[in-house]
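This briefing sets out the strand arrangement of the structure shown below and the helix that accompanies it. It is intended to be read alongside the sequence and the coordinates.

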Amino acid sequence: MSRMQLEPAYVLHSRSFRETSLIVEAFTREHGRVAVVARGAKSPRSRWKNVLQPFRPLVISWSQKSDLGTLAAADQVASPPVLQGQALYCGLYMNELLMRLLHRGDPHAEVFERYRQALSELAAEAPPQPLLRVFEKHLLDATGYAMLLDREYGSGAEIQPRSWYEYQPDRGPVLSVGPGEGRVSGAALLALHAENMQAEYLPELRRLMRAVIGYHLGSKPLASLALFSG
Amino acid sequence: MSSEPLLNQLIESLRCLPGVGPKSAQRMALHLLERNREGGLQLASVLVEAMGKIGRCKQCRDLTEMETCAVCVSPRRDQTLLCVVESPVDVLAIEQATAYNGRYFVLLGRLSPLDGIGPAELGLDQLAERLEQDAPEEMIIATNPTVEGEATSFYLQRMAQKHNIRVTRIAHGVPLGGELEYTDQSTLAHAFGSRRLVD
Ligand SMILES: [Zn+2]
């Protein structure tokens, strides 16, 4: 059995466990995504009730024998980012991505820092699309699905801003004859590569990322996307 | 465990009640059998009837034995106000604690993408229909101040705005009789954010 002490963490999701407990899926900086039982956390008098909420910067301590750990302590260490409206949807979307793409126990300290940063930018009402695209790009990178953005798949030729490409999710961009269904401009690919996206590229980059992430996630779509369509 | 199968079955069945473990289930079963058979029979027949007859109001989805619940049909309730809550227990809480005299819509949950509950699963099309056909003047959003409750609230706001309905959200803040020092950070931050002019 191992014990983890005072590790920075965020709650991604929690669900009921037995009558009064919760199973909390947390994203920790050093141990990645972990699942822990929070005993008694559902009872109205639990000191954890207000703490174990998504988006709150926490430090948690837990012990782990099997896949399911046991929470020993959870404390909020700073005031949480205030996410409202669209920003809240974006936060829930990031949580769903982390739940779906991270394997339990794989450490991703860099993704953790980017997540923290993205939450604070969302709270500051930064335009959500560019920051989501950058977050998605790094998350794919960290989970072994790095995207090829500055070179063509196969030929390795440099991406040209004025050319159009068909993006094959598991491979990369392949030169195509012109714009059309499922195509993306070279300029947009380079903008994402440089992480500097002008507004004109955002719609096609959103379509691109939905297609690529959808491909890696398989048949079950991301449920949080339904929020944005309302 | 007794060696009587029916007694065991009774004890097991009582455990479906919240907060009832094996020990209390046993105590309840013995109490009914030894001291209050009449009460037990009464409970059994009411249970059968209630389970069979109580369904959901076709307008607000609260629990009712009628097709439409008493609140929805009452001419004394203000038809211009519609309060949206997560569950029937919230209706009871508001009815008991406030003088609210409008009508309700019970979501029977809240938007929670990670649990697979989106607008469709929550049946929000039924609410949209109601806003279309029998629009209130004001929609009062009384979802819980959790992350999912807030996400639900935002979705409802946009639905109401599409129909030009005025939207209000119940206030959240420092509990009455509480002290700032002991109020958790987020509640206090929220209370500060939604402070109002005193006149
Ligand atoms: Zn009703």
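Two strands are taken to pair if DSSP finds at least two bridges between them. The model discussed here is predicted. In chain A, five strands make up a closed barrel with mixed pairing, in the order β1-β2-β3-β5-β4. From one strand to the next, the twist averages 55°.

**Background**

- Pairing between the strands of a sheet occurs through backbone hydrogen bonds, in either a parallel or an antiparallel sense.

**Antiparallel pairs**

- Strand β1 of chain A covers residues 2-17 and pairs with strand β2 of chain A, residues 21-28, in the antiparallel sense.
- Eight bridges connect β1(A) and β2(A).
- Opposite A:Phe27 in β2(A) stands A:Tyr10.
- Strand β4 of chain A, residues 58-64, runs antiparallel to β5(A), and six bridges join the two.
- A:Thr70 in β5(A) has A:Ser63 opposite it.
- A hairpin is formed by β4(A) and β5(A), with three residues between them.

**Parallel pair**

- β3(A) and strand β5 of chain A, residues 68-76, run parallel and are joined by three bridges.
- Opposite A:Gly69 in β5(A) stands A:Val36.

**Helix against the strands**

- Helix α1 of chain A, residues 86-101, lies across β1, β2 and β3 (32-38) of chain A.
- Relative to β1(A), helix α1 of chain A runs at about 110°.

Notes:
Residues are numbered from 1 along each chain as its sequence is written. Chains are lettered from A and ligands numbered from 1 in the order in which they are written. This is a predicted model: local features need pLDDT of at least 70, side-chain atom pairs count only at pLDDT 80 or more; totals for chains, interfaces and linings use all residues. Helices (H or I, at least four residues) and strands (E, at least two) are DSSP runs, numbered from the N terminus. Axes are lines fitted to C-alpha atoms, for helices over the stretch in contact, and angles run from 0 to 180 degrees between N-to-C directions. Two residues are in contact if their C-beta atoms, placed from the backbone, lie within 7 Å.
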